Amino acid sequence: MMPGAPLSLARWELRRLLAERTGVALIALWCLLLGFAATQGIRQVQARHAAIAVALASDRTNWTEKRAQLVEIEAGRAEPKPFRDPRSPTNSVMGMSGERPLVQVPAPLAALASGPGDLAPAVRKVNMITKLFVAPQSIENPANRLAGPLDLSFVVATMLPLFVLALSFDVLARERDAGILPLIASQPVSLGRIMGARLAVHFVALGCPLAMAATAAVVATLPPSGSLPAALGELSLWLGLAAVYLVFWQTLAALLNIRSRSAASNAVMLCGLWLAAVIVIPSGIQALVQSIAPPPDRREFVLQVREIETDLFKRVEEIRDAYYAERPDRRPTATLNEYDTYFVQNLWPRALAGDAALAPALLRTDEARARQAGWWRRLAWLSPTLAFRLATEQLAGVTPVQQGAFQSAARAFQRDWRAHFGAQLASMTPLTLSDYDTKPEPPVVKELTSARLRFAAPSLLGVAAATLLTLAASMTVFKGRRSRRSPVSR
(Lines give C-alpha, C1' and ligand atoms only; values in the text may rest on other atoms or scores of the structure.)
Protein backbone atom coordinates (compact mmCIF):
# COMPACT_ATOMS: atom_id res chain seq x y z
CA MET A 1 0.00 0.00 0.00
CA MET A 2 1.28 3.47 -0.80
CA PRO A 3 2.38 5.56 2.22
CA GLY A 4 0.10 8.41 1.23
CA ALA A 5 -3.04 6.20 1.17
CA PRO A 6 -4.49 7.26 4.57
CA LEU A 7 -4.14 10.94 3.71
CA SER A 8 -5.61 10.38 0.25
CA LEU A 9 -8.55 8.50 1.76
CA ALA A 10 -9.17 11.28 4.23
CA ARG A 11 -8.99 13.87 1.47
CA TRP A 12 -11.51 11.98 -0.66
CA GLU A 13 -13.89 11.62 2.31
CA LEU A 14 -13.64 15.33 3.02
CA ARG A 15 -14.41 16.14 -0.61
CA ARG A 16 -17.40 13.81 -0.51
CA LEU A 17 -18.65 15.35 2.73
CA LEU A 18 -18.39 18.89 1.37
CA ALA A 19 -19.97 17.92 -1.94
CA GLU A 20 -23.15 16.72 -0.26
CA ARG A 21 -25.57 19.37 0.94
CA THR A 22 -26.61 17.16 3.83
CA GLY A 23 -23.07 16.94 5.17
CA VAL A 24 -22.50 20.67 4.91
CA ALA A 25 -25.85 21.37 6.57
CA LEU A 26 -25.03 19.00 9.43
CA ILE A 27 -21.66 20.61 10.10
CA ALA A 28 -23.18 24.10 9.87
CA LEU A 29 -25.95 23.14 12.29
CA TRP A 30 -23.39 21.63 14.67
CA CYS A 31 -21.36 24.84 14.63
CA LEU A 32 -24.51 26.89 15.21
CA LEU A 33 -25.51 24.80 18.24
CA LEU A 34 -22.03 25.04 19.70
CA GLY A 35 -21.90 28.78 19.18
CA PHE A 36 -25.26 29.31 20.83
CA ALA A 37 -24.40 27.05 23.79
CA ALA A 38 -21.01 28.73 24.26
CA THR A 39 -22.65 32.16 24.17
CA GLN A 40 -25.18 31.09 26.79
CA GLY A 41 -22.42 29.85 29.05
CA ILE A 42 -20.32 32.98 28.59
CA ARG A 43 -23.22 35.27 29.45
CA GLN A 44 -24.19 33.29 32.51
CA VAL A 45 -20.69 33.04 33.98
CA GLN A 46 -19.83 36.65 33.16
CA ALA A 47 -23.02 37.70 34.96
CA ARG A 48 -21.91 35.70 38.00
CA HIS A 49 -18.49 37.34 37.96
CA ALA A 50 -20.16 40.75 37.67
CA ALA A 51 -22.46 40.00 40.60
CA ILE A 52 -19.48 38.92 42.68
CA ALA A 53 -17.53 42.08 41.82
CA VAL A 54 -20.48 44.33 42.67
CA ALA A 55 -21.12 42.55 45.99
CA LEU A 56 -17.48 42.73 47.08
CA ALA A 57 -17.12 46.38 46.05
CA SER A 58 -20.34 47.32 47.86
CA ASP A 59 -19.19 45.50 50.99
CA ARG A 60 -15.83 47.31 51.01
CA THR A 61 -17.52 50.68 50.53
CA ASN A 62 -20.07 50.00 53.25
CA TRP A 63 -17.56 49.06 55.93
CA THR A 64 -15.05 51.70 54.91
CA GLU A 65 -17.69 54.40 55.25
CA LYS A 66 -18.91 53.09 58.62
CA ARG A 67 -15.38 52.93 59.95
CA ALA A 68 -14.66 56.47 58.75
CA GLN A 69 -17.83 57.69 60.47
CA LEU A 70 -16.77 55.95 63.66
CA VAL A 71 -13.37 57.65 63.53
CA GLU A 72 -15.04 61.05 63.15
CA ILE A 73 -17.47 60.38 66.01
CA GLU A 74 -14.76 59.18 68.40
CA ALA A 75 -12.67 62.23 67.52
CA GLY A 76 -15.64 64.49 68.33
CA ARG A 77 -15.83 65.90 64.82
CA ALA A 78 -19.24 64.40 63.96
CA GLU A 79 -22.52 63.41 65.56
CA PRO A 80 -24.10 59.99 64.90
CA LYS A 81 -27.16 59.97 62.67
CA PRO A 82 -30.37 58.24 63.80
CA PHE A 83 -30.38 54.57 62.90
CA ARG A 84 -26.96 54.98 61.26
CA ASP A 85 -24.76 55.05 64.33
CA PRO A 86 -21.67 52.89 63.55
CA ARG A 87 -21.24 52.27 67.28
CA SER A 88 -24.67 50.61 67.62
CA PRO A 89 -24.60 46.81 67.13
CA THR A 90 -28.20 46.80 65.92
CA ASN A 91 -27.47 49.47 63.31
CA SER A 92 -24.10 48.10 62.20
CA VAL A 93 -24.19 44.29 62.33
CA MET A 94 -27.76 43.18 62.93
CA GLY A 95 -29.75 44.28 59.91
CA MET A 96 -29.14 44.62 56.20
CA SER A 97 -26.34 47.13 56.76
CA GLY A 98 -24.41 44.38 58.55
CA GLU A 99 -24.68 41.82 55.76
CA ARG A 100 -21.45 40.39 54.44
CA PRO A 101 -21.25 38.72 51.02
CA LEU A 102 -19.87 35.23 50.65
CA VAL A 103 -19.00 34.49 47.03
CA GLN A 104 -18.44 31.25 45.21
CA VAL A 105 -15.99 31.81 42.37
CA PRO A 106 -17.04 29.86 39.25
CA ALA A 107 -14.60 27.16 38.21
CA PRO A 108 -12.74 27.62 34.91
CA LEU A 109 -15.09 25.13 33.23
CA ALA A 110 -18.28 26.67 34.64
CA ALA A 111 -19.30 28.00 31.23
CA LEU A 112 -19.47 24.43 29.91
CA ALA A 113 -22.20 23.50 32.42
CA SER A 114 -23.98 26.82 32.82
CA GLY A 115 -27.38 25.18 33.28
CA PRO A 116 -26.81 23.55 36.70
CA GLY A 117 -24.63 26.51 37.73
CA ASP A 118 -27.51 28.90 37.15
CA LEU A 119 -29.62 27.10 39.75
CA ALA A 120 -27.60 28.37 42.71
CA PRO A 121 -26.52 31.88 43.70
CA ALA A 122 -22.96 33.08 43.28
CA VAL A 123 -23.34 35.49 46.22
CA ARG A 124 -24.80 34.67 49.61
CA LYS A 125 -25.50 37.54 52.04
CA VAL A 126 -24.88 36.74 55.71
CA ASN A 127 -25.55 38.72 58.88
CA MET A 128 -26.29 37.87 62.49
CA ILE A 129 -29.77 36.46 61.84
CA THR A 130 -29.70 35.37 58.19
CA LYS A 131 -31.54 32.10 57.67
CA LEU A 132 -29.08 29.83 55.90
CA PHE A 133 -31.13 26.79 55.06
CA VAL A 134 -30.78 24.49 52.07
CA ALA A 135 -30.06 25.14 48.42
CA PRO A 136 -32.95 25.68 45.97
CA GLN A 137 -35.00 22.57 45.28
CA SER A 138 -34.23 22.77 41.58
CA ILE A 139 -30.61 21.89 42.32
CA GLU A 140 -31.46 18.68 44.15
CA ASN A 141 -33.92 17.45 41.53
CA PRO A 142 -31.92 15.21 39.14
CA ALA A 143 -34.52 15.66 36.40
CA ASN A 144 -33.71 19.36 36.13
CA ARG A 145 -29.99 18.67 35.79
CA LEU A 146 -30.45 15.89 33.23
CA ALA A 147 -32.75 17.92 31.00
CA GLY A 148 -30.97 21.21 31.43
CA PRO A 149 -30.80 24.24 29.16
CA LEU A 150 -28.80 24.36 25.95
CA ASP A 151 -25.30 24.55 27.41
CA LEU A 152 -22.20 22.88 26.01
CA SER A 153 -22.53 19.94 28.36
CA PHE A 154 -26.05 19.23 27.11
CA VAL A 155 -25.16 19.78 23.45
CA VAL A 156 -22.17 17.42 23.56
CA ALA A 157 -23.76 14.74 25.72
CA THR A 158 -27.12 14.64 23.95
CA MET A 159 -26.75 16.12 20.47
CA LEU A 160 -23.26 14.98 19.50
CA PRO A 161 -24.30 11.31 19.20
CA LEU A 162 -27.02 12.32 16.74
CA PHE A 163 -24.48 14.06 14.50
CA VAL A 164 -22.20 11.02 14.69
CA LEU A 165 -25.19 8.88 13.75
CA ALA A 166 -26.08 11.09 10.80
CA LEU A 167 -22.52 11.14 9.45
CA SER A 168 -21.38 7.60 10.17
CA PHE A 169 -24.37 5.27 9.94
CA ASP A 170 -23.34 4.41 6.35
CA VAL A 171 -19.59 4.88 6.62
CA LEU A 172 -19.11 1.44 5.05
CA ALA A 173 -22.66 0.27 4.46
CA ARG A 174 -23.26 2.66 1.57
CA GLU A 175 -20.79 0.72 -0.60
CA ARG A 176 -22.41 -2.53 0.47
CA ASP A 177 -25.85 -1.20 -0.46
CA ALA A 178 -24.51 0.01 -3.83
CA GLY A 179 -22.93 -3.37 -4.52
CA ILE A 180 -19.40 -1.99 -4.98
CA LEU A 181 -17.90 -3.21 -1.71
CA PRO A 182 -16.18 -6.18 -3.45
CA LEU A 183 -14.50 -3.73 -5.81
CA ILE A 184 -13.24 -1.60 -2.92
CA ALA A 185 -12.10 -4.66 -1.00
CA SER A 186 -10.03 -5.77 -3.99
CA GLN A 187 -7.92 -2.61 -3.75
CA PRO A 188 -4.54 -2.65 -1.90
CA VAL A 189 -6.14 -0.80 1.05
CA SER A 190 -7.88 -2.65 3.86
CA LEU A 191 -11.50 -1.93 4.64
CA GLY A 192 -10.50 -1.10 8.20
CA ARG A 193 -8.14 1.61 6.99
CA ILE A 194 -10.83 3.02 4.70
CA MET A 195 -13.35 3.16 7.52
CA GLY A 196 -10.78 4.60 9.93
CA ALA A 197 -9.88 7.40 7.52
CA ARG A 198 -13.53 8.31 7.04
CA LEU A 199 -14.22 8.32 10.77
CA ALA A 200 -11.11 10.43 11.32
CA VAL A 201 -12.50 13.08 8.96
CA HIS A 202 -15.79 13.04 10.85
CA PHE A 203 -13.90 13.29 14.14
CA VAL A 204 -12.10 16.41 12.96
CA ALA A 205 -15.28 17.92 11.49
CA LEU A 206 -17.11 17.53 14.79
CA GLY A 207 -14.21 17.92 17.20
CA CYS A 208 -12.57 21.08 15.89
CA PRO A 209 -15.69 23.30 16.23
CA LEU A 210 -16.26 21.84 19.69
CA ALA A 211 -12.68 22.62 20.75
CA MET A 212 -12.96 26.19 19.45
CA ALA A 213 -16.32 26.81 21.13
CA ALA A 214 -15.18 25.38 24.48
CA THR A 215 -11.91 27.30 24.37
CA ALA A 216 -13.71 30.55 23.59
CA ALA A 217 -16.13 29.96 26.48
CA VAL A 218 -13.37 29.21 29.00
CA VAL A 219 -11.09 32.07 27.94
CA ALA A 220 -13.94 34.61 27.76
CA THR A 221 -15.08 33.79 31.32
CA LEU A 222 -11.65 33.74 32.93
CA PRO A 223 -11.51 36.53 35.56
CA PRO A 224 -8.54 38.94 35.60
CA SER A 225 -7.16 37.20 38.67
CA GLY A 226 -7.51 33.73 37.11
CA SER A 227 -4.65 31.61 35.86
CA LEU A 228 -4.81 31.01 32.12
CA PRO A 229 -2.44 27.98 32.15
CA ALA A 230 -4.50 26.31 34.88
CA ALA A 231 -7.75 27.01 33.02
CA LEU A 232 -6.31 25.65 29.78
CA GLY A 233 -5.10 22.56 31.64
CA GLU A 234 -8.62 21.84 32.89
CA LEU A 235 -9.99 22.59 29.44
CA SER A 236 -7.56 20.10 27.91
CA LEU A 237 -8.79 17.45 30.32
CA TRP A 238 -12.41 18.12 29.37
CA LEU A 239 -11.63 18.16 25.65
CA GLY A 240 -9.93 14.81 26.11
CA LEU A 241 -13.07 13.54 27.81
CA ALA A 242 -15.20 14.87 24.94
CA ALA A 243 -12.87 13.22 22.43
CA VAL A 244 -13.19 9.87 24.21
CA TYR A 245 -16.97 10.29 24.25
CA LEU A 246 -16.95 11.08 20.51
CA VAL A 247 -14.81 8.02 19.83
CA PHE A 248 -17.28 5.89 21.79
CA TRP A 249 -20.13 6.78 19.46
CA GLN A 250 -17.97 6.50 16.36
CA THR A 251 -16.87 3.07 17.49
CA LEU A 252 -20.49 2.02 17.88
CA ALA A 253 -21.16 3.21 14.33
CA ALA A 254 -18.09 1.33 13.08
CA LEU A 255 -19.15 -1.83 14.91
CA LEU A 256 -22.50 -1.81 13.14
CA ASN A 257 -20.91 -1.03 9.79
CA ILE A 258 -18.49 -3.95 10.12
CA ARG A 259 -21.38 -6.34 10.40
CA SER A 260 -23.21 -7.14 7.18
CA ARG A 261 -26.14 -4.79 7.54
CA SER A 262 -27.68 -2.13 5.38
CA ALA A 263 -27.32 1.57 6.04
CA ALA A 264 -30.99 1.80 7.03
CA SER A 265 -30.57 -0.99 9.58
CA ASN A 266 -27.50 0.72 10.99
CA ALA A 267 -29.40 3.99 11.33
CA VAL A 268 -32.28 2.32 13.16
CA MET A 269 -29.96 0.49 15.55
CA LEU A 270 -27.92 3.61 16.26
CA CYS A 271 -31.13 5.50 17.01
CA GLY A 272 -32.08 2.76 19.44
CA LEU A 273 -28.68 2.94 21.15
CA TRP A 274 -28.97 6.72 21.38
CA LEU A 275 -32.41 6.45 22.99
CA ALA A 276 -31.08 3.89 25.46
CA ALA A 277 -27.92 5.78 26.43
CA VAL A 278 -29.35 9.30 26.45
CA ILE A 279 -32.94 8.86 27.63
CA VAL A 280 -33.97 5.40 28.79
CA ILE A 281 -31.02 4.43 31.01
CA PRO A 282 -30.60 7.89 32.64
CA SER A 283 -34.33 8.04 33.33
CA GLY A 284 -34.21 4.60 34.89
CA ILE A 285 -31.18 5.56 36.97
CA GLN A 286 -32.96 8.71 38.08
CA ALA A 287 -35.96 6.72 39.29
CA LEU A 288 -33.71 4.18 41.00
CA VAL A 289 -31.60 6.81 42.76
CA GLN A 290 -34.66 8.67 43.98
CA SER A 291 -36.04 5.45 45.44
CA ILE A 292 -32.76 4.33 47.04
CA ALA A 293 -31.51 7.75 48.14
CA PRO A 294 -34.40 10.23 47.82
CA PRO A 295 -33.61 13.94 47.92
CA PRO A 296 -34.50 15.86 51.07
CA ASP A 297 -38.24 16.25 51.53
CA ARG A 298 -38.63 19.99 50.95
CA ARG A 299 -42.27 20.05 52.03
CA GLU A 300 -41.47 18.34 55.33
CA PHE A 301 -38.56 20.72 55.91
CA VAL A 302 -40.66 23.83 55.26
CA LEU A 303 -43.38 22.59 57.59
CA GLN A 304 -40.76 21.88 60.25
CA VAL A 305 -39.34 25.39 59.88
CA ARG A 306 -42.78 26.93 60.25
CA GLU A 307 -43.57 24.79 63.28
CA ILE A 308 -40.31 25.74 64.98
CA GLU A 309 -40.70 29.46 64.22
CA THR A 310 -44.31 29.46 65.45
CA ASP A 311 -43.32 27.74 68.67
CA LEU A 312 -40.40 30.12 69.25
CA PHE A 313 -42.59 33.15 68.62
CA LYS A 314 -45.06 31.97 71.27
CA ARG A 315 -42.25 31.42 73.78
CA VAL A 316 -40.25 34.55 73.04
CA GLU A 317 -40.02 35.69 76.67
CA GLU A 318 -39.05 32.22 77.87
CA ILE A 319 -36.34 32.00 75.22
CA ARG A 320 -35.02 35.47 76.07
CA ASP A 321 -34.85 34.68 79.80
CA ALA A 322 -33.12 31.36 79.12
CA TYR A 323 -30.58 33.09 76.89
CA TYR A 324 -29.60 35.67 79.52
CA ALA A 325 -29.71 33.05 82.28
CA GLU A 326 -26.97 31.17 80.46
CA ARG A 327 -25.07 34.41 79.74
CA PRO A 328 -25.70 36.80 82.63
CA ASP A 329 -22.68 38.90 81.63
CA ARG A 330 -24.44 39.86 78.39
CA ARG A 331 -27.48 41.56 79.93
CA PRO A 332 -27.91 45.13 78.68
CA THR A 333 -26.66 47.65 81.22
CA ALA A 334 -28.80 50.49 79.88
CA THR A 335 -32.46 50.87 79.04
CA LEU A 336 -33.15 49.96 75.42
CA ASN A 337 -35.51 51.75 73.09
CA GLU A 338 -38.29 49.89 71.31
CA TYR A 339 -36.21 49.28 68.17
CA ASP A 340 -33.24 47.80 70.03
CA THR A 341 -35.47 45.83 72.38
CA TYR A 342 -37.08 44.00 69.48
CA PHE A 343 -33.82 43.14 67.76
CA VAL A 344 -31.76 42.35 70.86
CA GLN A 345 -34.21 40.71 73.24
CA ASN A 346 -36.68 39.23 70.79
CA LEU A 347 -35.23 38.50 67.37
CA TRP A 348 -31.66 37.63 68.39
CA PRO A 349 -32.47 34.90 70.97
CA ARG A 350 -35.10 33.44 68.63
CA ALA A 351 -32.61 33.26 65.77
CA LEU A 352 -30.12 31.33 67.90
CA ALA A 353 -32.79 28.97 69.22
CA GLY A 354 -34.20 28.42 65.74
CA ASP A 355 -30.82 27.53 64.28
CA ALA A 356 -30.16 25.09 67.11
CA ALA A 357 -33.55 23.42 66.56
CA LEU A 358 -32.98 23.15 62.80
CA ALA A 359 -29.40 21.84 63.01
CA PRO A 360 -30.42 18.13 62.95
CA ALA A 361 -32.63 18.68 59.89
CA LEU A 362 -29.83 20.50 58.06
CA LEU A 363 -27.43 17.68 58.87
CA ARG A 364 -29.89 15.15 57.48
CA THR A 365 -30.20 17.26 54.32
CA ASP A 366 -26.43 17.30 53.81
CA GLU A 367 -26.23 13.55 54.39
CA ALA A 368 -29.09 12.86 51.97
CA ARG A 369 -27.45 15.00 49.31
CA ALA A 370 -24.15 13.15 49.75
CA ARG A 371 -25.86 9.73 49.57
CA GLN A 372 -27.67 10.68 46.39
CA ALA A 373 -24.47 11.96 44.79
CA GLY A 374 -22.72 8.71 45.71
CA TRP A 375 -25.36 6.60 43.99
CA TRP A 376 -25.27 8.82 40.90
CA ARG A 377 -21.51 8.29 40.63
CA ARG A 378 -21.86 4.53 41.03
CA LEU A 379 -24.70 4.06 38.53
CA ALA A 380 -23.41 6.53 35.95
CA TRP A 381 -21.25 3.72 34.56
CA LEU A 382 -24.41 2.24 33.03
CA SER A 383 -24.64 5.11 30.54
CA PRO A 384 -21.66 6.89 28.94
CA THR A 385 -23.92 9.89 28.33
CA LEU A 386 -24.82 10.18 32.00
CA ALA A 387 -21.20 9.64 33.02
CA PHE A 388 -20.10 12.39 30.63
CA ARG A 389 -22.73 14.82 31.98
CA LEU A 390 -21.80 14.10 35.58
CA ALA A 391 -18.08 14.39 34.88
CA THR A 392 -18.61 17.77 33.21
CA GLU A 393 -20.74 19.07 36.09
CA GLN A 394 -18.25 17.78 38.65
CA LEU A 395 -15.28 19.36 36.87
CA ALA A 396 -17.29 22.59 36.57
CA GLY A 397 -18.09 22.47 40.31
CA VAL A 398 -21.86 22.79 39.91
CA THR A 399 -23.19 19.55 41.41
CA PRO A 400 -25.52 19.73 44.45
CA VAL A 401 -22.81 18.45 46.79
CA GLN A 402 -20.30 21.04 45.58
CA GLN A 403 -22.85 23.85 45.77
CA GLY A 404 -23.95 22.57 49.16
CA ALA A 405 -20.40 23.22 50.38
CA PHE A 406 -21.08 26.90 49.72
CA GLN A 407 -24.01 26.71 52.14
CA SER A 408 -21.74 25.09 54.74
CA ALA A 409 -19.16 27.85 54.31
CA ALA A 410 -21.87 30.47 54.82
CA ARG A 411 -23.01 28.83 58.04
CA ALA A 412 -19.42 28.61 59.30
CA PHE A 413 -18.85 32.30 58.61
CA GLN A 414 -22.10 33.20 60.35
CA ARG A 415 -20.89 31.37 63.45
CA ASP A 416 -17.65 33.37 63.38
CA TRP A 417 -19.58 36.60 62.84
CA ARG A 418 -21.85 35.86 65.79
CA ALA A 419 -18.92 34.92 68.00
CA HIS A 420 -17.24 38.24 67.24
CA PHE A 421 -20.23 40.56 67.72
CA GLY A 422 -22.62 38.43 69.79
CA ALA A 423 -21.59 39.74 73.20
CA GLN A 424 -21.73 43.40 72.11
CA LEU A 425 -25.14 42.87 70.51
CA ALA A 426 -26.70 41.10 73.48
CA SER A 427 -25.44 43.73 75.94
CA MET A 428 -25.71 46.63 73.45
CA THR A 429 -22.12 47.60 74.18
CA PRO A 430 -20.97 50.28 71.73
CA LEU A 431 -18.63 49.03 69.02
CA THR A 432 -15.08 50.35 68.81
CA LEU A 433 -12.46 50.63 66.11
CA SER A 434 -10.91 47.45 67.46
CA ASP A 435 -14.17 45.59 66.83
CA TYR A 436 -14.20 46.88 63.26
CA ASP A 437 -10.55 46.11 62.58
CA THR A 438 -10.64 42.57 64.00
CA LYS A 439 -13.96 41.49 62.48
CA PRO A 440 -13.85 38.21 60.53
CA GLU A 441 -13.77 38.50 56.77
CA PRO A 442 -16.04 36.31 54.64
CA PRO A 443 -14.14 33.64 52.74
CA VAL A 444 -14.07 33.43 48.97
CA VAL A 445 -15.25 29.89 48.27
CA LYS A 446 -13.26 28.29 45.48
CA GLU A 447 -12.95 24.55 45.04
CA LEU A 448 -9.48 23.35 44.16
CA THR A 449 -8.84 21.62 40.86
CA SER A 450 -7.53 18.54 42.64
CA ALA A 451 -10.73 18.23 44.68
CA ARG A 452 -12.93 18.54 41.60
CA LEU A 453 -10.80 16.01 39.74
CA ARG A 454 -11.04 13.49 42.57
CA PHE A 455 -14.79 13.98 42.70
CA ALA A 456 -15.12 13.46 38.93
CA ALA A 457 -12.74 10.48 38.73
CA PRO A 458 -15.46 7.74 38.78
CA SER A 459 -17.41 9.47 36.00
CA LEU A 460 -14.26 9.99 33.92
CA LEU A 461 -13.38 6.33 34.30
CA GLY A 462 -16.93 5.38 33.31
CA VAL A 463 -16.65 7.14 29.95
CA ALA A 464 -13.19 5.70 29.34
CA ALA A 465 -14.28 2.18 30.27
CA ALA A 466 -17.30 2.28 27.94
CA THR A 467 -15.10 3.47 25.06
CA LEU A 468 -12.45 0.81 25.67
CA LEU A 469 -15.06 -1.95 25.82
CA THR A 470 -16.65 -0.75 22.59
CA LEU A 471 -13.26 -0.56 20.89
CA ALA A 472 -12.41 -4.08 22.05
CA ALA A 473 -15.74 -5.37 20.78
CA SER A 474 -15.30 -3.79 17.35
CA MET A 475 -11.73 -5.10 17.06
CA THR A 476 -12.93 -8.59 17.96
CA VAL A 477 -15.74 -8.48 15.41
CA PHE A 478 -13.46 -7.08 12.71
CA LYS A 479 -10.80 -9.74 13.27
CA GLY A 480 -13.48 -12.41 13.28
CA ARG A 481 -14.73 -11.22 9.92
CA ARG A 482 -11.24 -11.21 8.47
CA SER A 483 -10.59 -14.75 9.67
CA ARG A 484 -13.55 -16.01 7.63
CA ARG A 485 -14.26 -15.41 4.05
CA SER A 486 -14.34 -11.72 3.14
CA PRO A 487 -17.65 -10.15 4.23
CA VAL A 488 -17.95 -8.45 0.88
CA SER A 489 -19.49 -11.54 -0.55
CA ARG A 490 -22.33 -11.33 1.88
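Which side chain meets Asp 355 in a salt bridge? Arg 418 does, at 2.7 Å from N to O. The model is predicted. A search of the whole structure finds 16 salt bridges.

**Asp 355 and Arg 418**
- Asp 355 sits in helix α15 (residues 338-379) and Arg 418 in helix α17 (residues 400-427), so the bridge ties together parts that are 63 residues apart in sequence.
- Asp 355 has 25% relative accessibility and therefore counts as partly exposed.
- Arg 418 counts as buried because its relative accessibility is 13%, under the 20% cut-off.

- Glu 441 forms a salt bridge with Arg 100, and the closest N and O atoms are 2.7 Å apart.
- This pair links distant parts of the chain, 341 residues apart.
- Glu 441 is in the loop between α18 (433-437) and β3 (444-445), while Arg 100 is in strand β1 (residues 100-104).
- Glu 441 is partly exposed, at 47% relative accessibility.
- Arg 100 is buried, at 1% relative accessibility.

**Glu 234 and Arg 452**
- A salt bridge brings together the side chains of Glu 234 and Arg 452, at 2.7 Å from N to O.
- Glu 234 belongs to helix α11 (residues 228-258) and Arg 452 to helix α19 (residues 449-483), so the contact ties together parts that are 218 residues apart in sequence.
- Both Glu 234 and Arg 452 are buried.

Key:
Residues numbered from 1 in each chain as written. Predicted model: local features only at pLDDT ≥ 70, side-chain atom pairs only at ≥ 80, totals over all residues. Heavy atoms only, no water. Salt bridge = Lys/Arg side-chain N within 4 Å of Asp/Glu carboxyl O. Helix = DSSP H or I, 4+ residues; strand = E, 2+ residues; numbered from the N terminus. Buried < 20%, exposed > 50% of the residue type's maximum accessible area, 1.4 Å probe, protein only.
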